[in-house]
Amino acid sequence: LASMTETARALSPNTEGKESKLHCEEHQEELKLFCETDQQVICLICRDSREHRDHLFMPIKEAVQIYKEKIKTSLETLTKTKLAVEKVEQQQKQKISGVREKSQNLLTYITSIFADLRQILNDKERLFHKELREEEESVLNPMEKNLREIQEELNSIQEKLLKLQKRMNQTDSLIFLKEETRQKRRVSDEEWTLSVADGALAIEKFDHPFLLNTVFSELPDGIKRGKNVFVLNR
C-alpha cells in the first residue's frame, strides 16, 4: 500500500489542480508516459530507447486512475480490517471489564463474609466470657465460703491464744489456780473438722477444638456451605 501510494503521488496532479510539468532528467523532455514494466514515469525519447524496448506503456492519467483504484481497494480492505480489529479491541475491553467487575464483586463478598464472621466471633467471645465467669463463680463460691470459715476459725484460735497467754502471765499463784480450776473445757479437748474445699473449672468446654466446633456449628448455612458464591458467577 505504501509503495502504491508513493507511485500514485508521483503520477497525480499537484494540489492546485494543475498538471505537473516535470521533465526527464536525461533528455529534458516532458514526462508523458508511464512504463508499466519498470514502474516509472518516462518521456517519449525514453520510450524509444533500448532500455525500454518491448516494455508496456500507458498515458500518465490512465496510470494514475489504475493506481488510485488499487489504493481504493487497499483502503477498503484496510478499513474493513480496522473495523474488525476495533471489534476485537472492544471485546477484549469487555472481557477485562468483566474480570475487574467480578473481582470487585468477590472483594465485596469476602469483606461481607468476614464482617459477618467477626460479628459472630465477637458475639461468641462475649458469650464464652460470660459462661466462663459463671463457671468460675460456681466453682469459687463454695471454696471462698470454706475460706471464710477457715479464717473465722483462725480468728477464734488467735483469741484463745491471747487468753491462754494472759493466763500464763498470771503471777499470783492463788488467782492462777482459782481461775484454772474454773475452766470446764481445755483447748486440747476441742475438735475441729475444717478441710480444704476442692474445685476445678470444666476446661473442656473452653479448649481449642470445642470452641471451634461450637462456633462452626452455629455459623449461618450461607457461610458454611458457600451458598452466597452466586456473586462470583454474575
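This report describes the fold, the sheet and some surface features of a predicted protein model.

## Basis of the model

Because the model is predicted, local features need pLDDT of at least 70 and side-chain atom pairs count only at pLDDT 80 or more, while totals for chains, interfaces and linings use all residues. Residues are numbered from 1 along each chain as its sequence is written, and side-chain values use heavy atoms, with hydrogens and water left out.

## Overall fold

The protein has six helices and three strands, where helices (H or I, at least four residues) and strands (E, at least two) are DSSP runs numbered from the N terminus. Along the sequence these elements follow the pattern α-β-β-α-β-α-α-α-α.

Of the 234 residues, 18% count as buried, a term that means under 20% relative accessible area, whereas exposed means over 50% and partly exposed lies in between (1.4 Å probe, protein chains only).

The three strands form an open sheet in the order β2-β1-β3 with antiparallel pairing, and two strands pair if DSSP finds at least two bridges between them. The edge strands are β2 (40-42) and β3 (57-59), each of which pairs on one side only. Strand β1 (residues 33-35) pairs with β2 over three bridges in the antiparallel sense, and L33 has I42 in β2 as its bridge partner.

Helix α3 (residues 60-168) packs on this sheet and touches β1, β2 and β3, and its direction makes about 95° with that of β3. A contact here means heavy atoms within 4.5 Å; the axes are lines fitted to C-alpha atoms, for helices over the stretch in contact, and angles run from 0 to 180 degrees between N-to-C directions.

E86 is partly exposed, with a relative accessible area of 34%, whereas K82 is exposed, at 52%.

Another salt bridge joins the side chains of K130 and E134 (2.6 Å, N to O). Because K130 and E134 are four residues apart in helix α3, they are separated by about one helical turn. K130 is partly exposed, with a relative accessible area of 43%, and E134 also counts as partly exposed, at 42% relative accessibility.

Note on methods:
Salt bridge = Lys/Arg side-chain N within 4 Å of Asp/Glu carboxyl O.
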